[in-house]
Amino acid sequence: MTLLEVENLTVTYPGGAAAVRGVDLSLAAGRKLGVAGESGCGKSTLALALLRLLPAGTRTGGRVLLDGEDVLTMRWGRLRAVRWAGASIVFQGAMHSLNPVHRVGDQIAEPVLLHRRETPAGARRRAGELLEQVGLPAARASAYPHQLSGGQRQRVMIAMALACAPRLIVADEPTTALDVMVQAQILRLIERLVAEQDLGLIMISHDLAVLADTCDRLAVMYAGRVVEEGPARAVYEDARHPYARALSAAFPRIGDPASRFAPRGLPGDPPDPSAVPPGCAFHPRCPVALERCGTDDQPLRRAAPDRRAACVHVDAAATAPAEDRGNPGSAS
Ligand code: ADP
Ligand code: MG
């Protein structure tokens, strides 16, 4: 069974912001899916929806199947268990997620005590092991968050996410707040842990280059929808959707600090989710938009073997001889 299947997921915040508008994704154990898109495209909303962590009053539709069980409708007791042992999440900016008045070792040990029926001594031992797995000495367990660097704190967050041996890790901009050298170390760490423990990984970033370097597949989101999806390298080097192309041109180098927050060559902003333009939501910014792009919805369609893109120009391109190198990976 597929580890994670997201089917036609929609999320509408109280107040009417349609932040996710019909997303389909699938992830097998041991695979790494990158989710890219500018700020405001709905990436974090998607991440929160996967663990049902959205604010009260938010409406969701569709299904989020984790090992076949729908996270969106499961009972509260089951959801609590799933949040640690099934899937866990690593957020950006670890300083805000760690409790400043507790030692990091105790914070790692807490879920182990609660969810794994460990003794206090066993949980402390496990916290030390987890710290070593993420490249910190076990003795750092006695440190408080402010005594650690940003990169060390993010390592602690990863140790916490691994504490109950989850099957899926959702990492939302896990390295965005870090400088480039530390960013690369944390990415290598996440890659190693995912490979060693056969985890599924969903890694979210606005930086397509980082995702292309780390993930097997890439999904590019715009205005709450996936507009392109396929093998990571192919999407990064030869995007089929004009938005994905603009995004990959904006991140020519991995971790380039200059392009971090404002993609170059892409004027304007993503739409406000309470006023998404009709037709293709990207058409007001699109350099190759046709008249019908302003009126007709553009669903995802096959762009090449194992690739999908939601652009009117893809139809013409797909009938041309296949020049795509393709990828022996699984079809979606
Ligand atoms: P991303 O992670 O891609 O930057 P988000 O998922 O954080 O995007 O946000 C998507 C849209 O949803 C944004 O327009 C944002 O303003 C809106 N949004 C996020 N959180 C809330 C909330 N709690 N209430 C209302 N709107 C929200
Ligand atoms: Mg976000």
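Because the model is predicted, local features need pLDDT of at least 70 and side-chain atom pairs count only at pLDDT 80 or more, whereas totals for chains, interfaces and linings use all residues. Residues are numbered from 1 along each chain as its sequence is written, chains are lettered from A and ligands numbered from 1 in the order in which they are written, and side-chain values use heavy atoms, with hydrogens and water left out.

Helices (H or I, at least four residues) and strands (E, at least two) are DSSP runs, numbered from the N terminus. Two strands count as paired if DSSP finds at least two bridges between them. An open sheet is formed by 4 strands in the order β2-β1-β4-β5, with antiparallel pairing. Its edge strands, each pairing on one side only, are β2 and β5 (69-70). Strands of a sheet pair through backbone hydrogen bonds, either parallel or antiparallel. Strand β1 (residues 4-12) and strand β2 (residues 18-27) run antiparallel and are joined by 7 bridges; Glu5 has Ser26 of β2 as its bridge partner. The hairpin of β1 and β2 has 5 residues between the strands, and Gly15 there takes a positive phi near 105°.

Most residues other than glycine have a negative phi, and most peptide bonds are trans. Asn8, in strand β1, has a positive phi near 45° although not a glycine. Its relative accessible area is 47%, so Asn8 is partly exposed (buried means under 20% relative accessible area, exposed over 50%, partly exposed in between, with a 1.4 Å probe and protein chains only). Glu173, in the loop between β7 and α6, likewise has a positive phi near 45°. Glu173 counts as buried because its relative accessibility is 9%.

Leu54 is located in the loop between α1 (43-50) and β4 (59-66). With a relative accessibility of 17%, Leu54 is buried. Apart from neighbours within four places in sequence, its contacts (heavy atoms within 4.5 Å) are Val11, Tyr13, Thr45, Leu48, Ala49 and Thr60. The C-alpha atoms of Leu54 and Ser44, which are 10 residues apart in sequence, are separated by 9.9 Å.

In helix α2 (residues 76-86), the buried residues are Leu79, Val82, Arg83 and Gly86. Viewed down the axis of α2, these residues fall within an arc of 115°, so they line one face of the helix; the arc is that of the directions from the helix axis to the C-beta atoms. An α-helix has 3.6 residues a turn, so residues three or four places apart point the same way. The cover over the buried residues of α2 includes β4, β6 (87-90) and β7 (168-172).

Grid points are joined across faces, edges and corners, and a volume is the space filled by probe spheres set on the points.

The largest pocket has a volume of about 440 Å³. Of its 20 lining residues, Trp84, Ile89, Ser97, Met157 and Met160 lie nearest its centre. At least two lining residues come from each of α2, β6, α3 (104-116) and α5, and α3 gives the most, with 6 residues.

The whole structure holds 3 cavities of 30 Å³ or more. The largest cavity has about 70 Å³ of space; among its 14 lining residues, those closest to the centre are Pro242, Cys280, Cys286, Cys293 and Cys311. The second largest cavity, of about 60 Å³, is lined by Val90, Ile158, Leu162, Ile169, Ile190, Leu193, Val194 and Leu199. Both α5 (150-162) and α6 (180-197) supply at least two residues of that lining, and α6 gives the most, with 3 residues.

Conventions:
On a 1 Å grid over the protein atoms alone, a cavity is a set of points where a 1.4 Å probe fits but cannot get out, and a pocket is an open set with protein on both sides within 12 Å along at least five of seven lines; lining residues have an atom within 4 Å of a point.
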